[in-house]
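Open the model in your viewer and keep the sequence panel beside it. This tour goes stop by stop: what to select, and what you will find there.

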Amino acid sequence: MNAPTSIAAAVAPRPGPPLWLLAEVTYRCPLHCVFCYNPVDFARHEQELSTADWLRVLREGRELGAVQCGFSGGEPLLRDDLEELVAEAHRLGYYTNLLTSGVGLTPQRARALKEAGLDHVQLSFQDSTKEVNDFLSHTKTFELKRRVAALIKEQGWPMVMNVVLHRLNIDHIDPIIALADELGAEYVELANTQYYSWAFLNREQLLPTREQLQRAEAVTDAWRAKLGERMKLFFVAPDYHEGRAKKCVNGWGNMFITVTPDGDVLPCHTAKMLPGLSFPNVRESSLRAAWYDSKGFNRYRGTGWMKEPCASCEHKEQDLGGCRCQAYLIARDAEAADPVCAKSPHHHLVQEAVQRVESGAAAPVREQPLVFRDPGNSRRLSEALKG
Ligand code: SF4
Ligand code: SF4
């Protein structure tokens, strides 16, 4: 790799504290989503941190200045100590969030988590229909999710629903929003798939057409007009179709500090895929040292690491060159401009992927089966990647 960072790092201002601590407490998950954001080799990382480790991580995160704590995974409810971790996070003064598929949220656990001080639950759905929801997650979870939605309301948590959109469900956006309304959701995140990890493996079958996206946005706008303040709808636009890069994770090492199930400290949940970078582990490093002093966190902070076309671009402060993982996955160069940007010399690779979908050349699911996220596929793919 080129190394333009030494002078830039020497003059770069010291970063502020993180706002969010994202505690990925486990990679275990009963679902097998085809767009899962967990690393493809998650099955190689089975050594989960102990309760005592997590309690220390929570304390260190708060001392560092984080005020929001998200418990995610995998499925965080698979940890029997979740209530204990939430209680400690609450005691420390975090605003606590649980990001869940709903599996494991029984009435008893919902009550226990409420008593522990959990502030907020985000429940994911894959679709508005049982058939597609259960197909995409490879589990029978649709009815369970409906029951969990009722539990969330019962406990007085704000009802926050998340649906990842792609070619196989985006045309159902109208019934998806109707379902959210029926379940009493106050916030709905309609998040177009980001093509990393498992979604990148399944990109050919998941990428929507422009027409599908435009229709979905129009339907969302119509619902916004109808629902007014009753429900907030967030339509997270995809970047493949826009020609503009996004400020990934609101800036590398700027807002989020992520701790993986086995204790690695990362600026984003997929950063470990980048070659030539190492990240500290909480078993050997404090969160403070990881955030301020580690090479991994400092590598892509700010703009000093950039090369052309980003280095002289007028937008560099706004988007910080986009996503490093996307640059690596598509351009095989983590220092490149994010290839979704129209100025990137690799932008044609993104356009070709979109064009394949637009022209009908992309393989449908019946011809190219989806790769479901499960430990068997993870181990098989990890071996293939090593080879
Ligand atoms: S995306 Fe699906 S498979 Fe992945 S962690 Fe979430 S619920 Fe589990
Ligand atoms: S060239 Fe780089 S900084 Fe400029 S818009 Fe594209 S990604 Fe952003």
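A residue counts as buried if 20 or more other C-beta atoms lie within 10 Å of its own. Keep that cut-off in hand, and remember that this is a predicted model.

**Stop 1: the whole chain.** Show everything as a cartoon. The protein has 16 helices and nine strands. Its radius of gyration is 21 Å, close to the 21 Å that the globule rule gives for 387 residues, so the protein is as compact as a globular protein of that length. The C-alpha trace spans about 55 × 55 × 45 Å along its principal axes. Color by burial: 46% of the 387 residues are buried.

**Stop 2: the annotated domain.** Select residues 15–230. UniProt, in an unreviewed entry, lists this span as "domain: Radical SAM core". The span is 43% helix and 16% strand, and its end C-alpha atoms lie 38 Å apart.

**Stop 3: ligand 1.** Center on ligand 1. Around it you will find Cys-29, Leu-31, His-32, Cys-33, Cys-36, Asn-38, Gly-73, Gly-74, Glu-75, Ser-101, Ser-124 and Arg-373. By class, this shell holds four nonpolar, six polar and two charged residues. Which cysteines carry the UniProt annotation "binding site"? The unreviewed entry puts it on Cys-29, Cys-33 and Cys-36.

**Stop 4: Cys-29.** Select Cys-29. It sits in the loop between strand E1 (20–24) and helix H2 (51–64). Is Cys-29 buried or exposed? It has 23 C-beta neighbours inside 10 Å, so it counts as buried. Beyond four places in sequence, Cys-29 is in contact with Gly-73, Gly-74, Glu-75 and Ser-101.

**Stop 5: Cys-33.** Move on to Cys-33, in the loop between E1 and H2. Cys-33 counts as buried because it has 22 C-beta neighbours inside 10 Å. With neighbours within four places in sequence set aside, its contacts are Gln-126, Leu-136, Ser-137 and Arg-373.

**Stop 6: the nonpolar core.** Select Ala-23, Val-34, Phe-35, Cys-69, Phe-71, Met-161 and Val-265. These have the most contacts inside the largest nonpolar core, which has 102 residues. Zoom in on Cys-69. What does Cys-69 touch, not counting residues up to four places away in sequence? Look for Leu-21, Ala-23, Leu-58, Gly-61, Ala-89, Tyr-94, Thr-96 and Asn-97.

**Stop 7: ligand 2.** Center on ligand 2, which 13 residues surround. The closest are Ala-245, Cys-310, Cys-313, His-315 and Cys-341. The shell around ligand 2 divides into six nonpolar, three polar and four charged residues.

**Stop 8: helix H14.** Select residues 324–331. This helix is mostly covered, with seven of its eight residues buried. The buried ones are Arg-324, Cys-325, Gln-326, Ala-327, Tyr-328, Leu-329 and Ile-330. Their cover includes helix H8 (197–201) and H15.

**Stop 9: Gln-355.** Finish in helix H15 (residues 347–358), where Gln-355 is found. Gln-355 counts as exposed because it has 12 C-beta neighbours inside 10 Å. Now draw a distance from Gln-355 to Val-25. The C-alpha atoms are 39 Å apart in space, and the residues are 330 apart in sequence.

Terms used. Residues are numbered from 1 along each chain as its sequence is written. Chains are lettered from A and ligands numbered from 1 in the order in which they are written. This is a predicted model: local features need pLDDT of at least 70, side-chain atom pairs count only at pLDDT 80 or more; totals for chains, interfaces and linings use all residues. A residue is near a molecule or strand if its C-beta atom, placed from the backbone, lies within 6 Å of it. Ala, Val, Leu, Ile, Met, Phe, Trp, Tyr, Cys and Pro count as nonpolar, Asp, Glu, Lys and Arg as charged, and the others, Gly among them, as polar. UniProt positions are given in the numbering used here, feature names are shortened, and annotations may be inferred rather than shown by experiment. Helices (H or I, at least four residues) and strands (E, at least two) are DSSP runs, numbered from the N terminus. A nonpolar core is a set of buried Ala, Val, Leu, Ile, Met, Phe, Trp, Tyr and Cys residues joined through C-beta atoms within 7 Å. Two residues are in contact if their C-beta atoms, placed from the backbone, lie within 7 Å. The radius of gyration is taken over C-alpha atoms; the globule rule is 2.2 Å times the number of residues to the power 0.38.
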